[in-house]
Amino acid sequence: MKPLIGISTSRRTGWRVYPFIAFGVWLAGGHSVRWVAGKRAEVRHVDGVIVGGGDDISPELYGGDLIASAVLDPARDELEKCLVEEAMAQGKPVLGICRGAQMINVALGGDLHQDAYDHYNARKHTTLLPKKDVRIEPGTRLGALAGLEPMRVNALHSQAVDRLGDGLRVAARDGSGMVQAVERIEEPFALGVQWHPEYLTYAHRQRALFRALVAAARAGVEHRAQLPEVSAEAKV
């Protein structure tokens, strides 16, 4: 069976992004439906969720102060926070991409650095090309899926995870120490990455992220534990 994955995107720019994410899901053996704020989106109708990239997340969601450079979409914030919360409550797996990784963290009670590059005094990368190096933490699920060798990724974000949400651990950092991936320790499967794997699907290590989500979704449909399926996928 092909699990159905709900993909949330921006109302303004999601039409450009969605085909790339949907292609990653298709390569992994799933199919997808696009969600945007203001339209019907129900977790119970899908087998897994992807929260895509886009605008900054409002600090109102985690008690932070708004900075002048923030570009916000309150309706999308509300939708995606609910999607992550409902997915966790219903035992559905989630993959977060860039903003989506941050939303996983916020929805689970964490917070963000609004200007992460300033906080870490790090060089900012703004490119779809793989020009940024990240290191994957040993002993993580991401490490099992993609290997522990340094990974060259793209980067479009300005925010980054600060205090971790409940049940999450850091799965990757860049050279400055900035968090680049988080993952849920227990069921259901949840992984968030700061980069955009949908533009890097020519790389086996990036396709592995979509395969992990689809494997977890398939296990959920068949009422089996998700994390062993993800571990099995890591050995393929």
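This is a predicted model: local features need pLDDT of at least 70, side-chain atom pairs count only at pLDDT 80 or more; totals for chains, interfaces and linings use all residues.
## Strand pairing around S1

Two strands pair if DSSP finds at least two bridges between them. S1 and strand S3 (residues 48-51) run parallel and are joined by four bridges. Within this pairing, Ser 8 sits opposite Val 51 of S3, and Ile 5 faces Gly 48 of S3.

On another pairing of S1, strand S2 (residues 31-35) is parallel to S1, with five bridges between them. Here Ile 7 has Arg 34 of S2 opposite. S1 itself covers residues 4-8, and four of its five residues are buried, so the strand is largely enclosed by the rest of the structure.

Arg 173 has Val 179 in S10 as its bridge partner.

## A closer look at S3

Which residues of S3 point one way, and which the other? Gly 48 and Ile 50 point one way, Val 49 and Val 51 point the other way, and all of them are buried.

S3 also pairs with S4, in the parallel sense and over three bridges. In that pairing, Val 49 stands opposite Val 94 of S4.

## Thr 9 in its loop

Thr 9 is found in the loop between S1 and H1. With a relative accessibility of 3%, Thr 9 counts as buried; the cut-off for that label is under 20%.

What does the side chain of Thr 9 reach? A polar contact of 2.8 Å joins it to the side chain of Arg 34. Leaving aside residues up to four places away in sequence, Thr 9 touches Gly 14, Tyr 18, Arg 34, Trp 35, Val 36, Arg 76 and Glu 80.

## Salt bridges

Side chains of opposite charge can pair when their charged atoms come close. How many salt bridges does a search of the whole structure find? The total is 17.

One of them joins Asp 55 and Arg 12, with the closest N and O atoms 2.7 Å apart. Asp 55 belongs to the loop between S3 and helix H2 (74-90), and Arg 12 to the loop between S1 and H1, so this pair ties together parts that are 43 residues apart in sequence. Asp 55 is buried, at 15% relative accessible area, whereas Arg 12 counts as exposed, at 51%.

## Bridges between strands, and a network

Asp 133 and Arg 152 form another salt bridge, in which the closest N and O atoms are 2.5 Å apart. This pair links distant parts of the chain, with Asp 133 in strand S6 (residues 127-136) and Arg 152 in strand S7 (residues 151-155), 19 residues apart. Asp 133 is partly exposed, with a relative accessible area of 41%, and Arg 152 is also partly exposed, at 45% relative accessibility.

Glu 183 and Arg 169 meet through their side chains in a salt bridge of 2.8 Å, N to O. Glu 183 is in strand S10 (residues 179-184) and Arg 169 in strand S9 (residues 168-174), so the pair ties together parts that are 14 residues apart in sequence. Is Glu 183 buried or exposed? Glu 183 counts as buried, at 2% relative accessibility, while Arg 169 is partly exposed, at 25% relative accessible area. Finally, salt bridges that share partners join Arg 76, Asp 77, Glu 80 and Arg 99 into one network.

Note on methods. Residues are numbered from 1 along each chain as its sequence is written. Side-chain values use heavy atoms; hydrogens and water are left out. Buried means under 20% relative accessible area, exposed over 50%, partly exposed in between (1.4 Å probe, protein chains only). Helices (H or I, at least four residues) and strands (E, at least two) are DSSP runs, numbered from the N terminus. A salt bridge is a side-chain nitrogen of Lys or Arg within 4 Å of a carboxyl oxygen of Asp or Glu. A polar contact is a pair of N or O atoms within 3.5 Å; within protein, one must be able to donate a hydrogen and the other to accept it, and residues adjacent in sequence count only if both atoms are side-chain atoms. Contact means heavy atoms within 4.5 Å.
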